[in-house]
Amino acid sequence: MAFVVGATVSLTAAAQTGESQEWHAGWDGTLYGYASAMRQQPDSVLNPDNQIAHMADRSATAELRLNLKAENDVLRFTARPILLARASHVPHDGSETENDAYLSQWEVRLRAAEAWNIALGRDVLNWGPAQFRSPSSPYYFDNGRSDPMRELSGMDSAKVSWTPDRQSTLTLAYVAASGHDAPDDDPWHDSWLVKLDRRGDDWAYGLIAADAPDRPAFYGAFGQFTLSDAIMLYGEVGSSSLTPELQSPSDPSQPFAATKNSPRKTTALIGASYT
């Protein structure tokens with residue numbers, strides 16, 4: 001059983017600092033509160049008397065998500081701080097508390113020229129029209145859509161984008177790390193991304209290539225086409241290799257064998273939505 005509540009506030013302001021440098025600033029925030037309770041089975045075969053999993057039978061969480069922004073015609077600053085407080089109770093272990101504060105996303109964006117933008121920060125690198133599963137994304141398996149309460153943290157990156165017209169954007173990005181709480185064996189540390197976006201009145205598609213040290217390159221694509229005001233067709237595809245991969249061993253005395261890189265596999269998804 002779970003309960004969720006939320007509240008949102010916002011504020012905007014503007015300041016004139018020069019003849020053509022008018023700054024606009026604003027912020028908004030959402031406070032989430034959610035609680036859950038679970039009845040555990042003391043005679044569970046896989047988790048007898050909760051001695052293996054140590055699962056909480058009840059928990060309460062408060063999470064404040066803020067959006068901060070300041071910009072003018074040339075420069076833009078954005079940040080998304082997260083403040084988290086959680087209390088839970090684990091049978092036989094007692095109560096536990098967790099407090100955390102971090103920047104889920106932040107970015108400094110410079111409009112270097114009419115068609116050029118340079119950005120530095122922690123940005124969510126997701127795309128594609130599919131719901132719940134996104135094969136065209138090497139970074140986020142589901143774009144954060146399968147869990148509505150999950151806060152999707154950005155990737156630490158530097159980007160250069162070129163937009164020659166309203167239909168095209170080419171982006172080159174260097175990804176330094178996987179953002180907040182990145183694992184020690186971060187698979188996307190010190191990697192590169194190239195992405196081409198094309199769009200029209202009733203269609204859009206993108207081509208993606210990502211390369212990281214010590215692993216094969218990732219290739220992906222997505223597209224969508226609007227048939228009418230009510231029907232949209234879409235598809236995504238991705239080709240990649242996992243590293244490392246566990247396989248059946250050639251030596252029957254061993255439980256498994258680890259390979260540096262798995263064979264390349266391609267995953268495709270097609271779908272339609274009706275509104």
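**Pockets and aromatic contacts in the predicted model**

The lining of the second largest pocket comprises nine nonpolar, nine polar and four charged residues. The model is a predicted one. This second largest pocket has a volume of about 430 Å³. Its lining counts 22 residues. Nearest the centre lie Arg 133, Pro 138, Phe 218, Ser 240 and Leu 242. Strand 12 contributes the largest share, three residues.

The largest pocket has a volume of about 580 Å³. It is lined by 27 residues, and those closest to its centre are Arg 150, Glu 151, Ser 153, His 180 and Asp 181. By class, the lining of the largest pocket holds 14 nonpolar, three polar and ten charged residues. At least two lining residues come from each of strand 3 (58-71), strand 4 (75-90) and strand 5 (94-111).

Ser 153, one of the residues closest to the centre of the largest pocket, sits in the loop between strand 6 (116-123) and strand 7 (155-165). Its relative accessible area is 15%, under the 20% limit, so Ser 153 is buried. Leaving aside residues up to four places away in sequence, Ser 153 touches Ser 104, Arg 122, Val 124, Tyr 140 and His 180. His 180 also belongs to the group closest to the pocket centre. Arg 122 is 31 residues from Ser 153 in sequence, yet the C-alpha to C-alpha distance is 8.0 Å.

Aromatic pairs were searched for across the whole structure, and six were found. Trp 23 and Phe 77 form a stacked pair, 6.0 Å centre to centre with 20° between the planes. Trp 23 lies in strand 2 (residues 22-37) and Phe 77 in strand 4, so the pair ties together parts that are 54 residues apart in sequence. Both residues are partly exposed: Trp 23 has 24% relative accessibility, and Phe 77 has 33%.

The pair of Trp 127 and Tyr 139 is edge-to-face, because the planes stand at 80°, with ring centres 6.4 Å apart. Trp 127 and Tyr 139 are twelve residues apart, each in the loop between strand 6 and strand 7. Trp 127 is buried at 9% relative accessibility. Tyr 139 is buried at 11%. Ring pairs join Trp 127, Tyr 139 and Trp 188 into a cluster.

Trp 188 also meets a charge: the charged end of Arg 215 sits over its ring, 4.6 Å from the ring centre. Likewise, the charged end of Arg 65 sits over the ring of Tyr 32, 4.5 Å from the centre of that ring.

Terms used:
Residues numbered from 1 in each chain as written. Predicted model: local features only at pLDDT ≥ 70, side-chain atom pairs only at ≥ 80, totals over all residues. Heavy atoms only, no water. Helix = DSSP H or I, 4+ residues; strand = E, 2+ residues; numbered from the N terminus. Buried < 20%, exposed > 50% of the residue type's maximum accessible area, 1.4 Å probe, protein only. Contact = heavy atoms within 4.5 Å. 1 Å grid on protein atoms, 1.4 Å probe; cavity = no way out; pocket = protein on both sides within 12 Å on 5 of 7 lines; lining within 4 Å. Points joined across faces, edges and corners; volume = space filled by probe spheres on them. Nonpolar A, V, L, I, M, F, W, Y, C, P; charged D, E, K, R; others polar. Phe/Tyr/Trp six-rings, centres within 6.5 Å; stacked < 30°, edge-to-face > 60°. Lys NZ or Arg CZ within 6 Å of the ring centre and 35° of its normal.
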